[in-house]
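Thanks for asking me to look at this one with you.

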Amino acid sequence: MNEIPERKLELIRKLLAVAEHPNTGAAEAAVYLEKACALMSAYGVEQAVLADAGQVRDEIDQLTIEIGNPYQPDRRSLLAGVASALRCRTIYSKVGAVSRVQVIGFRSDLDLVEMLFTSLCLQMASAVVREPVPSGHTTISFRKSWMAGYANRVCERLRAAERAAAMDTDRAGAPGGGRSTELVLRNRVAEVRREYERMFPHVRRAGRRTMSDWSGWSGGRAAGDRADLGGSRVGAPSRAALGR
């Protein structure tokens with residue numbers, strides 16, 4: 001990775017670190033969140049356009065992330081949503097009590113997926129345990145619906161940021177008068193899909209998850225509005241926080 005992209009990634013990490021700090025107020029954290037989100041999307045789109053123009057090397061690769069308990073399916077769904085928003089594909093297998101998730105995509109996008117998913121897991125774990133469980137609902141069912149709402153809203157915001165970054169890049173003009181950003185990104189999605197189908201020709205799409213308790217959905221979406229989408233560090237999310 002050359003020096004300029006690395007500086008951009010480091011700035012994203014620093015913005016998120018401020019937003020995650022316990023002494024940072026909610027309003028201030030939201031400001032840092034939006035800055036980090038915009039920078040992350042701009043970085044991903046920029047790398048795609050530069051690679052298409054032959055100015056940087058960015059190839060399809062894969063990343064493996066292991067997700068353990070608690071709330072394993074919920075964090076797995078969050079990862080799938082983040083990966084999809086960043087033009088990647090996921091497939092998982094069970095290895096004992098752990099889900100081993102393979103993420104397929106271009107290297108620059110995979111770096112962002114890993115960074116962002118880890119950060120969002122930390123933020124989600126911290127936020128969900130602070131939410132009071134309504135009377136008449138179990139802790140597990142409430143938290144699962146809360147996390148579903150959280151993931152839904154976060155991925156909406158991430159997709160919106162990606163669209164805005166693509167529009168900004170087109171207005172600035174493609175390097176060397178190349179193809180439109182929309183076409184570049186669409187082609188990358190198609191390339192990833194073809195590689196995914198080559199690697200996993202017999203995979204079946206999983207059925208849609210059902211939920212009997214939606215009591216936490218709106219609260220989770222509200223927290224998703226406050227989540228920082230920048231990503232600061234790579235590592236396992238806090239099991240202790242989620243398990244309390």
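1. Which residues of the largest nonpolar core touch the most other members? They are Leu78, Leu79, Val82, Val103 and Trp146, in a core of 37 residues. Please keep in mind throughout that this is a predicted model.

2. Next, where the core residues come from. Two or more residues each are given by helix 1 (3-20), helix 2 (26-52), strand 1 (60-67), helix 3 (72-85), strand 3 (98-106), helix 4 (107-128) and helix 5 (139-172). Helix 4 supplies the largest share, with 11 residues. Another core, of seven residues, lies apart from this one, and Val45, Ala165, Ala166 and Val184 are among its members.

3. Val103 deserves a look of its own. Beyond its neighbours within four places in sequence, Val103 is in contact with Asp61, Gln62, Leu63, Leu79, Ala83, Cys88, Arg89, Thr90, Leu110 and Val113. One of these partners, Leu79, also belongs to the group of core residues touching the most other members.

4. For the chain as a whole, there are eight helices and three strands. In sequence order they run α-α-β-α-β-β-α-α-α-α-α. The chain has 244 residues, and 43% of them count as buried. If you take contacts between residues at least 6 apart in sequence, 80% join residues at least 24 apart.

5. Now to a helix pair. The axes of helix 3 and helix 5 come within 9 Å and cross at roughly 10°. Because angles under 35 degrees count as roughly parallel, helix 3 is described as roughly parallel to helix 5. On the helix 3 side, the contact is made by Asp74, Leu78, Gly81, Val82, Ser84 and Ala85. Helix 5 brings Lys144, Met147, Ala151, Cys155, Leu158, Arg159 and Glu162. Sorted by class, this contact has seven nonpolar, two polar and four charged residues.

6. Is Ser99 buried or exposed? Ser99 sits in strand 3, and its relative accessibility is 0%, so it counts as buried. Leaving out residues up to four places away in sequence, Ser99 touches Ile65, Glu66, Ile67, Gln72, Arg76, Tyr92, Ser93 and Lys94.

How values were computed. Residues numbered from 1 in each chain as written. Predicted model: local features only at pLDDT ≥ 70, side-chain atom pairs only at ≥ 80, totals over all residues. Heavy atoms only, no water. Core = buried A, V, L, I, M, F, W, Y, C linked by side-chain atoms within 4.5 Å. Buried < 20%, exposed > 50% of the residue type's maximum accessible area, 1.4 Å probe, protein only. Helix = DSSP H or I, 4+ residues; strand = E, 2+ residues; numbered from the N terminus. Contact = heavy atoms within 4.5 Å. Axes fitted to C-alpha atoms, helices over the stretch in contact; angles between N-to-C directions. Parallel < 35°, antiparallel > 145°, perpendicular 65-115°, else oblique. Nonpolar A, V, L, I, M, F, W, Y, C, P; charged D, E, K, R; others polar.
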